[in-house]
Amino acid sequence: MSVRFDFLVFVLALGCASIACRFCGFWIMRYVAITPRVEAALKATPVAVMVGLVVPTAVHGSVIELVGIAVAGIAMKLTNSDLLAAVIGVAVVAVGRSLKLAG
């Protein structure tokens, strides 16, 4: 299996952009006073990101994606872990897609 050079450059560029965004965020936040309002906004950010990811999938996704969202929601309620719920939801969708392709 060979990897195209332009694809490798693209992936490395995306990785560098991601790291630069993270470092710049840390650098900028050094100069921001953490008021209760800023703290509330920072606590709400993960929810906003998850809604931005889930809503388009829920609107345009197939039954497999909807089942994955439902299972992730149930897993979140049971485990109280965002990361574990996301991994479980992705695993359900992956298994569902592979069974759909095989069947």
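**Figure 1. Cysteines without partners.** A search of the whole structure finds zero disulfides, a disulfide being a pair of cysteine sulfur atoms within 2.5 Å. Cys16 is in no disulfide, and its nearest cysteine sulfur, which belongs to Cys21, is 11 Å away. Cys21 is in no disulfide either; for Cys21 the nearest cysteine sulfur is that of Cys24, 6.9 Å away. Are Cys16 and Cys21 buried or exposed? Cys16 counts as exposed at 53% relative accessibility, and Cys21 is exposed with a relative accessible area of 58%. Here, buried means under 20% relative accessible area, exposed over 50%, and partly exposed in between, using a 1.4 Å probe and protein chains only.

**A note on the model.** This is a predicted model, in which local features need pLDDT of at least 70 and side-chain atom pairs count only at pLDDT 80 or more, while totals for chains, interfaces and linings use all residues. Residues are numbered from 1 along each chain as its sequence is written, and side-chain values use heavy atoms, leaving out hydrogens and water.

**Figure 2. The whole protein, a set of helices.** The protein has four helices and zero strands; helices (H or I, at least four residues) and strands (E, at least two) are DSSP runs, numbered from the N terminus. Its radius of gyration is 18 Å, well over the 13 Å that the globule rule gives for 103 residues, so the protein is more spread out than a compact globule. That radius is taken over C-alpha atoms, and the rule is 2.2 Å times the number of residues to the power 0.38. Along the principal axes, the C-alpha atoms fill a box of roughly 55 × 45 × 25 Å. Buried residues make up 9% of the 103 residues.

**Figure 3. Ala58 and its contacts.** Look for Ala58 in helix H2, residues 36-60. Which residues does Ala58 touch, not counting those up to four places away in sequence? They are Leu66 and Ile69, where contact means heavy atoms within 4.5 Å. Ala58 is partly exposed, with a relative accessible area of 34%. Gly68 is ten residues from Ala58 in sequence, and their C-alpha atoms are 9.8 Å apart in space.

**Figure 4. Asn80 in a loop.** Asn80 sits in the loop between helix H3 (63-79) and helix H4 (82-102). Most residues other than glycine have a negative phi. Asn80 is not a glycine, yet its phi is positive, at about 60°. Asn80 is also exposed, with a relative accessible area of 66%.
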